[in-house]
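Have the model open in your viewer and follow along.

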Amino acid sequence: MGIKIEAQRKDTKYIKALKMASEQFSDRIIKPWVWSDFTYYLTEDGRNYKKNVSTMLQFTSAVIRERKRELLAKEVEEEKGELDKGQPDEDVNTKKRKAFLDLLLDLHIKDNVLSERDIREEVDTFMFAGHDTTAMGISWALYNIGLRPDIQDMIHDELDRIFQDDRERPITMEDVREMKYLDCVLKESQRLYPSLPVIGRELEEDIIIDGYTVPAGTTCMLATFMLHRNPDVFPNPEVFDPERFLQENCAGRHPFAYVPFSAGPRNCIGQRFAMLEEKTVVANVLRKHRIESLDPRDKLRLTAEMVLRNDGPLRIRVHRRQ
């Protein structure tokens, strides 16, 4: 969004409210007696949930208003000629890309296409859905890699071919495209531990499943965690095997057999960006380090909140590569 909140250095009200609201949301799902808003908001949990949501909305609204004020002030300066307008336009390939929030505000200020509320909803979606999911995707990938030294060696070989002896230069888009084996590793990690273990969809029409009619309007829950373990599609489903996602091994596989980012018209709008983030972070870690996971998979205690996580830390030991 182009805004720094130093979230990794200090706690913020937004992060605290988001974490608490996520836990409350998941808790409410398994308690049918508080599914009614009227009933829920009479409880202490409901009042706290409402307070946490209000804190998040106030934060994103303040970010939007502040950035809007800055952009309007910049426009005024340009109109007054206080900025140098005699320079030629920058080449489109070298011009700095705008932050996502600035692109939305352009549609609001210049084109009047989006209202401030529209922008807030888009910002909320990206901030809420785009940070914890990716963070857990990276965490699960590092954990899985740390369990398999043979797979980690192949990743190191691929990264060494791309970067040679230079472990400091920034990763480029061309580098990312060359990380074909790492791409398979990340996909296999999302198969076993999808960031979203369950996806909800409302039926728009009746559908028949095994002779039973499920009526339109029903909310169906798709358990990706179980779908990705279908042995008819993924033999030996509990084995971590990135080669499942080599091009030749994907041929003929049903496109909806693997849906960590959902599928169809309501799939994840940020899935390509998420994979770029994961590749970049994991590659930067492994360029310089070897990792070792300390706990076997059968010792994990999985918990499905809004994202799939372990009930406790995913412990790894980090060794500097020689």
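**A walk through the model**

Let's start with Arg-67, which is partly exposed at a relative accessible area of 22%; here buried means under 20% relative accessible area, exposed means over 50%, and partly exposed is in between, using a 1.4 Å probe and protein chains only. Before going on, some housekeeping: this is a predicted model, where local features need pLDDT of at least 70 and side-chain atom pairs count only at pLDDT 80 or more, while totals for chains, interfaces and linings use all residues. Residues are numbered from 1 along each chain as its sequence is written, and side-chain values use heavy atoms, with hydrogens and water left out.

Back to Arg-67. Its side chain meets that of Asp-102 in a salt bridge, 2.8 Å from N to O; the term covers a side-chain nitrogen of Lys or Arg within 4 Å of a carboxyl oxygen of Asp or Glu. This pair links distant parts of the chain, with Asp-102 in helix H4 and Arg-67 in helix H3 (residues 44-79), 35 residues apart. Helices here are DSSP runs of H or I with at least four residues, numbered from the N terminus. Asp-102 counts as buried, at 9% relative accessibility. Salt bridges that share partners also bring in Glu-70, joining Arg-67, Glu-70 and Asp-102 into one network.

Glu-116 forms a salt bridge with Lys-68, and the closest N and O atoms are 2.9 Å apart. This one also joins distant parts of the chain: Glu-116 sits in helix H5 and Lys-68 in helix H3, 48 residues apart. Glu-116 is partly exposed at 31% relative accessibility, whereas Lys-68, at 19%, counts as buried. Elsewhere, Glu-238 and Arg-229 meet through their side chains in a salt bridge of 2.8 Å, N to O; Glu-238 is partly exposed at 42% and Arg-229 is buried at 10%. In total, the count comes to 26 salt bridges.

While you're around H5 (residues 116-129), find Arg-120, which lies in that helix. Arg-120 touches Leu-57, Thr-60, Ser-61 and Ile-64, leaving aside residues up to four places away in sequence; contact means heavy atoms within 4.5 Å.

Now for the greasy part. A nonpolar core is a set of buried Ala, Val, Leu, Ile, Met, Phe, Trp, Tyr and Cys residues joined through side-chain atoms within 4.5 Å. The largest one has 32 residues, and Ile-155, Met-179, Leu-182, Val-185 and Val-282 touch the most other members. Helices H6 (132-147), H7 (149-163), H9 (180-192) and H12 (271-288) each supply at least two residues of this core, and the largest share, 7 residues, comes from H6. There is also a second, separate core of 18 residues, which includes Ala-17, Ala-21, Met-56 and Leu-104.

Take a closer look at H6, where 12 of the 16 residues are buried. Among them are Met-136, Ile-138, Trp-140 and Leu-142. H9 is mostly covered as well, with 11 of its 13 residues buried, and those buried residues pack against H6, H7, H10 and H12.

What does Met-179 touch, not counting residues up to four places away in sequence? Its contacts are Glu-158, Leu-159, Ile-162, Phe-163, Ile-171, Lys-279 and Ala-283. Glu-158 deserves a stop of its own. This residue of helix H7 is buried yet has no salt bridge, and the nearest side chain of opposite charge, Arg-161, is 4.5 Å away; Lys and Arg count as positive and Asp and Glu as negative, with His and the chain ends not counted.

Finally, the loops. Most residues other than glycine have a negative phi. Asn-112, in the loop between helix H4 (100-109) and H5, has a positive phi near 55 degrees and is exposed, with a relative accessible area of 63%. Asn-236, in the loop between helix H10 (224-227) and helix H11 (247-250), has a positive phi near 50 degrees and is exposed at 58%.
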